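Colleague: Hi! Could you walk me through this one?
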Amino acid sequence: MEDAVKEFIGGAFGGMVGIIAGHPLDSIRIRLQTQTKGYYKGISDCILKMSKSEGALSLYKGILSPILGVSFQNALLFLTHGRSKNYLESTGLVESEVLSSFFGGCVSGLVCTLITTPMELVKIYAQVDKTSLTDKSVKKGTIYYGKKIFREKGFTGLYKGNVITLWRDGYSYGVYFGFYTYLQKYITRFIYKDIEELSYAEKSFTILMSGGITGCAAWISCYPIDVIKSKIQSTEKKLTISDCIKQLRKEHNSIKPFFKGINATLLRAFVVNSTTFAFYELFMYYIS
C-alpha cells in the first residue's frame with residue numbers, strides 16, 4: 001500500500017476515535033467560551049446544568065458534524081503533513097526533522113481549514129443551542145443548522161470565521177506536529193536509554209504521553225484565537241475580530257476572558273490527541 005494511502009486511512013481512523021472520546025469536553029469548551037455573565041461556574045457546573053435542562057446526551061450535541069468531517073479532515077491533515085515534510089527533507093530546504101514537521105504542520109493546517117471552518121461552524125451552532133433533547137417537537141441538530149446556514153447565507157455562509165480559523169490552524173498545527181516529533185525524538189531518551197529497543201508497552205506509553213502533551217501545547221499556543229473564533233461563529237451577527245476583542249476585554253477589563261474554558265480544553269486535548277496519535281501509530285504499525 002502506498003505511503004500516502006496509509007497516512008490518509010490512518011489519520012481518518014485516529015481522528016474518528018479521538019472525536020468520540022473527546023466530544024463531551026468539546027461541548028463544555030464551547031459553552032464556557034461563548035457564555036455571558038458567568039452562567040456556568042466551571043466544568044462540573046456546566047455538565048450538571050446541561051444534563052438537567054437539556055438531557056444527559058446534550059454533551060454529544062453537534063457530534064455528527066465532526067464525525068462526518070473530522071475523519072476526512074484528519075486524513076487530509078496527516079496526508080498533507082507527511083507529503084509536505086517529506087518534500088522539505090528530500091529537497092534539503094529544511095535539515096532538522098523537528099522543523100520539517102513544524103512547517104509541514106503549518107501547511108496541513110492551512111489546507112484543512114477548507115473542511116474545518118464549515119464543520120466547526122455547524123458544530124458550534126448545535127452545541128450552543130440550549131433546546132432540550134427531550135423536547136420532541138423541536139428537532140434541531142447538525143443537519144438542521146447546516147441546511148439553515150446554507151439556505152440563509154449560501155455556500156459562502158458556511159465559511160464564516162474562515163480568516164480567524166486560518167490564523168489558528170496555520171500556526172497551531174505547526175506546533176502540534178513539530179512538538180510531537182520533538183517529544184518522540186528527544187524527550188523519551190531521558191526516560192529510556194535506547195528508543196529503538198522499546199517494548200510494546202513502552203512504545204504505547206511514549207505515544208500516548210507525546211500525543212497528549214502535544215495536543216495541550218498546540219491548544220495553549222492558540223487558545224485566545226480560538227475563543228475569538230468561537231465568539232464569531234456562535235452568533236448570527238456579523239462580528240469582526242476587533243469587535244470580539246473589544247467585547248471580551250469589556251467583560252473583565254483583563255485577559256481572563258481570552259482563556260475561558262481552557263481547563264476543559266486541555267483535558268479534552270490530552271484525551272483526544274493521545275487517542276488520535278495512538279490509533280494512528282497503531283494502524284501504521286500493523287499496515288506496514
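This is a predicted model: local features need pLDDT of at least 70, side-chain atom pairs count only at pLDDT 80 or more; totals for chains, interfaces and linings use all residues.
Colleague: Which residues form the nonpolar patch on the surface?
Modeller: Phe-205, Met-209, Ile-213 and Phe-270, with about 310 Å² of accessible area together. Accessible areas come from the Shrake-Rupley method with a 1.4 Å probe, and for residues only the protein chains shown count as cover.
Colleague: Which helix gives the most to that patch?
Modeller: Helix H7 (residues 200-233), with three residues. Helices are DSSP runs of H or I, at least four residues, numbered from the N terminus.
Colleague: And why does Phe-205 count as partly exposed?
Modeller: Phe-205, which lies in helix H7, counts as partly exposed because its relative accessibility is 41%. Buried means under 20%, exposed over 50%, and partly exposed in between.
Colleague: New topic: where is Tyr-285?
Modeller: Tyr-285 is in helix H9 (residues 262-287), and at 56% relative accessibility Tyr-285 counts as exposed. Tyr-285 and Gly-10 are 275 residues apart in sequence, yet 9.9 Å apart in space, C-alpha to C-alpha.
Colleague: How do the axes of H4 and H5 cross?
Modeller: The axes of helix H4 (residues 97-128) and helix H5 (residues 142-153) cross at roughly 120° and come within 9 Å. That makes H4 oblique to H5; angles under 35 degrees count as roughly parallel, over 145 as roughly antiparallel, 65 to 115 as roughly perpendicular and the rest as oblique.

Definitions and conventions:
Residues are numbered from 1 along each chain as its sequence is written. Side-chain values use heavy atoms; hydrogens and water are left out. Patches are made of residues with over 30% relative accessible area and no salt bridge: like charges are joined within 9 Å, nonpolar side chains (Val, Leu, Ile, Met, Phe, Trp, Tyr) within 5 Å. A salt bridge is a side-chain nitrogen of Lys or Arg within 4 Å of a carboxyl oxygen of Asp or Glu. Helices (H or I, at least four residues) and strands (E, at least two) are DSSP runs, numbered from the N terminus. Buried means under 20% relative accessible area, exposed over 50%, partly exposed in between (1.4 Å probe, protein chains only). Axes are lines fitted to C-alpha atoms, for helices over the stretch in contact, and angles run from 0 to 180 degrees between N-to-C directions.
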